[in-house]
Amino acid sequence: MRYVADHDFHIHSNLSSCSNDPNETPENILKVAQENGYSAICLTDHFWDSKLPGASPWYEPQNFEHISKALPLPQNKKIKFYFGCEADMDKFGTIGVGKELFDSFDFIIIPTTHMHMMGFAIDNADDSIERRAVKWVERFERLLDSDLPFYKIGIAHLTCPLIANQDKTAHIRVIDMISDNDMEHLFTRAAKVGLGIELNFNPFDYSDEELERILRPYRIAKKVGCKFYFGSDAHWISSLKAGKEKFEFIIDKLNLTENDKFTFVK
C-alpha cells in the first residue's frame, strides 16, 4: 500500500524564536492540519533544557517553561495533536534534553545539520565544504551513540541547506562528498535502534539532477530498512499549508509504502 501522508511531525508555533507569524498558534495549526487531512501532528518548538550546560544565547530562553506555554494543546476527534520538541546537539555532542524530561514529550526531534550555528554546532575551523561533510558523518554517529529513547526520536532534515549556506548548492555538494558506504553504515545503525528519518525538504526548489542528489541518502536509508516520517518544519501558516503537496511528491519519488512509515505512537 502506498505511503499515506497523514501526519506532520515537525511544526513550530510562534513560541519558537525563529517564527514571527502571530497566526502560528496551536489552534490555527490544528485547523490547517484538518484542511490537509492529517490524523496526527506534533508541535516541536525549539528547546534547550535549562538544567543542561551549553545553551547558546539564542537557545537559552527556549526552555521547558517557555515552550510548555502551548499546553494544553487543542484536540479534535479526527486529529491527535502531540507535544514534542526540537532539541539541538552542540559541537561537543551534548543533546539539549535531559533524561528527566524524556517522558514530558511525545516525540523529540534532533537536528545534526544545524551547521549554520558556528561556534555552537561546529567550530569556525570546520567552515569548509570538506569539513562539513566530515561533521555530517560525525554528528550523525554521535547521535546514534547517545542514550536516547529511540522509539520516539527523529533525526531532522538531514539534507537541509543549513548544512552549508555559502551558496544555493553548497549543501548539495556536502552531501555529494559523503560516500555511499558511510551513509549505509549510519542508516543501518539508525534502522537497528529504531530512529525515525525525517523527510523535510522542498523538492520543487531543485532541478531534476539536483533532486536526485538530495534523494540519494534517503534511497540508501530505505534500502537498509529505515522508517520515515514527514515534517514541514513550518514556522508560518503558509508553509504548513504547503506541506502536503511536497509530501505527496516525495512519496512518489521514493516509492514509499506504509511499510516504510515511522510512528512513535504506542
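## Helices H6 and H7

Helix H6 (residues 208–223) and H7 have axes that come within 10 Å and cross at roughly 65°. Angles of 65 to 115 degrees count as roughly perpendicular, and that makes H6 roughly perpendicular to H7. Their crossing is right-handed. The structure described here is a predicted model.

On the H6 side, the residues in contact are Leu-211, Leu-215, Tyr-218, Arg-219 and Lys-222; on the H7 side they are Phe-249, Lys-253 and Leu-254. Sorted by class, this contact of H6 with H7 has five nonpolar and three charged residues, and no polar ones.

## Helices H1 and H7

Helix H7 also packs against helix H1 (residues 26–35): the two axes come within 9 Å and cross at roughly 20°. Angles under 35 degrees count as roughly parallel, and H1 and H7 are therefore roughly parallel to each other. H1 passes H7 in a right-handed crossing.

From H1, the contact takes in Asn-28, Ile-29, Val-32 and Glu-35, and from H7 it takes in Ile-237, Leu-240 and Lys-241. The contact of H1 with H7 comprises four nonpolar residues, one polar residue and two charged residues.

## Helices H3 and H5

Another pair is formed by helix H3 (residues 129–145) and helix H5 (residues 180–193), which pack at an angle of about 20° with their axes 10 Å apart. H3 and H5 are therefore roughly parallel to each other. The crossing of H3 and H5 is left-handed.

H3 contributes Trp-136, Val-137, Phe-140, Glu-141, Leu-144 and Asp-145 to the contact. These meet Asp-182, Met-183, His-185, Leu-186, Phe-187, Arg-189, Ala-190 and Val-193 in H5. By class, the contact of H3 with H5 has nine nonpolar residues, one polar residue and four charged residues.

## The largest pocket

The largest pocket has a volume of about 600 Å³. Its lining is made up of 33 residues. Nearest the centre of this pocket lie Cys-160, Pro-161, Asn-200, Ser-232 and Asp-233.

Helix H7 (residues 237–254), described above for its packing against H6 and H1, also takes part in this lining. With five residues, H7 supplies the largest share of the lining of the largest pocket. By class, the lining residues divide into 14 nonpolar, 14 polar and five charged.

Terms used: Residues numbered from 1 in each chain as written. Predicted model: local features only at pLDDT ≥ 70, side-chain atom pairs only at ≥ 80, totals over all residues. Heavy atoms only, no water. 1 Å grid on protein atoms, 1.4 Å probe; cavity = no way out; pocket = protein on both sides within 12 Å on 5 of 7 lines; lining within 4 Å. Points joined across faces, edges and corners; volume = space filled by probe spheres on them. Helix = DSSP H or I, 4+ residues; strand = E, 2+ residues; numbered from the N terminus. Nonpolar A, V, L, I, M, F, W, Y, C, P; charged D, E, K, R; others polar. Axes fitted to C-alpha atoms, helices over the stretch in contact; angles between N-to-C directions. Parallel < 35°, antiparallel > 145°, perpendicular 65-115°, else oblique. Left-handed = near helix turned anticlockwise from the far one by under 90°. Contact = heavy atoms within 4.5 Å.
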